[in-house]
Every structure is written in C-alpha cells, then in structure tokens.
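Here is a short briefing on one protein model. Topics follow in turn, from charged pairs to confidence.

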Amino acid sequence: KGKASLTMLPAGPGAVNGTPLLVGDRGTGYTLYLEIHLNYAQGGKYMAIKVSNYMSRQVISINQDMGIREAFFLMKEHAIRHLPIVDERKQLIGIISDRELRRPNWVDEAHDISHVYYLDNTMHVRDVMIKNVHVLHTYDTLSKAVTLLLDKAIGAAPVLDKNETLVGMLSAIDLLRALADMIKEQKNSKG
C-alpha cells in the first residue's frame, strides 16, 4: 500500500520531507507542497515511485528536416504540445514545443529589431528546435522529475532508458496524474 503526505505551508523556499511539487495558488500566500515520493513498503525496503510509472510511452518523434508547419499540425492532430527530435539512429537531438512553433525566441530578440516569422514549411524544425534538452531517465524518481520541470520551467521532458534511447515523455499533466493518485490513496487510507 502506498502513502502520501499532503501539507499546506506558507509560500517560500523549502520542502516537506523531500522535494516539493508546487500546485497552489500563488495569490493566496500559500503553496501546496506534496511529497512526491509516494512510498511503497516492499519487504521492509523504501522504494520511490519512478518516472516510468507515469510517463507516456506512446511517443511521437520527428526528424529535424520536417517543416515547422507540418510539425505544428502533427502536434494539433495528436493533441500534444512537445515533439522530441531524433536523428537517423533514433538518438535524441532536440525538442520542440508548440510555443516555439507559434513564436520562436529569436523573433523577439530585442525591442528595436523586428523579425517576420511565418508558420510555413520554408523553415525546418532544426531552425527552431531546442538543442540543449533536459531529460529524465526511466529510473529517476518523480521527485527528480518535479524538480527538473520546476527548476527549468519546462512543461515536459523526454525520458530515456539506461541505453540513452528515447522511450517516453513525462509532462506536467503526467505529474498531476501522480498527484491525483496520491490524493485518492490518502483519502482511501483515511477511511
């Protein structure tokens, strides 16, 4: 059986028994910290929940030569917001979000410089993709995943296995599913 702890604390740095998950309304002056280490007793040993338990396994990846309009509509068709970019050996080389496709960072590089940007296939994914990809591994804990997404202000991260092969994606939505499971478990354990 799992255990989860839920605590309301005044907003500020720190965590409760581990790495925090920020879920509260900043305007209230309170932040909800959730111990994401949903603990399972297994033969008396502590085991933290792994990324592989909540990641999306059906990953749609693309190559860097795809046009940006084509990539945008692929995301729209599959109701996803992130696409990992892989090379011919299926190794991760970048990631792109719908945000980069709608308006890449370079369009607004300075107040006095104007760039025209059209969402068409004259530009390729390689022109706007993020090359410094923040990744997780299947064996990482959800706690580490929460910290990564919060610290880097990203909405999702590709998940690699021990051979550095792309095997999944973990998004903020997946972490909210973990939170929902913990809240449900806590309610069930109370009665």
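Is Arg 177 buried or exposed, or does Arg 177 count as partly exposed? At 40% relative accessibility, Arg 177 counts as partly exposed. Buried means under 20% relative accessible area, exposed over 50%, and partly exposed in between (1.4 Å probe, protein chains only). This is a predicted model, in which local features need pLDDT of at least 70 and side-chain atom pairs count only at pLDDT 80 or more, while totals for chains, interfaces and linings use all residues. Residues are numbered from 1 along each chain as its sequence is written, and side-chain values use heavy atoms, with hydrogens and water left out.

**Salt bridges**

- Side chains of opposite charge can pair when their charged atoms come close.
- The whole structure holds four salt bridges (a side-chain nitrogen of Lys or Arg within 4 Å of a carboxyl oxygen of Asp or Glu).
- Arg 177 pairs with Asp 174, with the closest N and O atoms 3.3 Å apart.
- These two residues, Arg 177 and Asp 174, sit three residues apart in helix α5 (residues 172–190), so about one helical turn separates them.
- Asp 174 is buried, at 5% relative accessibility.
- Another salt bridge joins the side chains of Arg 126 and Asp 65, at 2.4 Å from N to O.
- Arg 126 lies in helix α3 (residues 125–128) and Asp 65 in the loop between β5 (45–47) and α1 (68–78), so the pair ties together parts that are 61 residues apart in sequence.
- Arg 126 is partly exposed, with a relative accessible area of 33%.
- Asp 65 is partly exposed too, at 48%.
- Lys 144 bridges to Asp 140, with the closest N and O atoms 3.5 Å apart.
- Lys 144 is partly exposed, at 46% relative accessible area, whereas Asp 140 is buried, at 7%.
- Helices (H or I, at least four residues) and strands (E, at least two) are DSSP runs, numbered from the N terminus.

**Nonpolar cores**

- In soluble globular proteins, nonpolar side chains tend to be buried together.
- A nonpolar core is a set of buried Ala, Val, Leu, Ile, Met, Phe, Trp, Tyr and Cys residues joined through side-chain atoms within 4.5 Å.
- The largest core has 16 residues, and Val 51, Leu 136, Leu 142, Leu 170 and Leu 175 touch the most other members.
- At least two residues of this core come from each of α4 (142–152), β9 (156–160) and α5.
- Helix α4 gives the largest share, five residues.
- A second, separate core has 15 residues, including Ile 62, Ala 71, Leu 83 and Leu 101.
- Leu 136 has contacts (heavy atoms within 4.5 Å) beyond four places in sequence, among them Val 51, Lys 144, Leu 148 and Leu 170.

**Asp 98**

- Asp 98 is in helix α2 (residues 98–102).
- Asp 98 is buried, at 17% relative accessibility.
- Leaving out residues up to four places away in sequence, Asp 98 touches Met 75 and Arg 81.
- From Asp 98 to Ile 80 the C-alpha to C-alpha distance is 8.4 Å, across 18 residues of sequence.

**Confidence**

- The protein chain averages a pLDDT of 75 (the predictor's confidence in each residue, from 0 to 100).
- A score of at least 70 is reached by 66% of the residues.
- Confidence is highest in strand β8 (residues 136–137), at a mean of 98, and lowest in strand β3 (residues 30–34), at 36.
- Over residues 1–47 pLDDT stays under 50, and the model has 93 contacts beyond four places in sequence for them.
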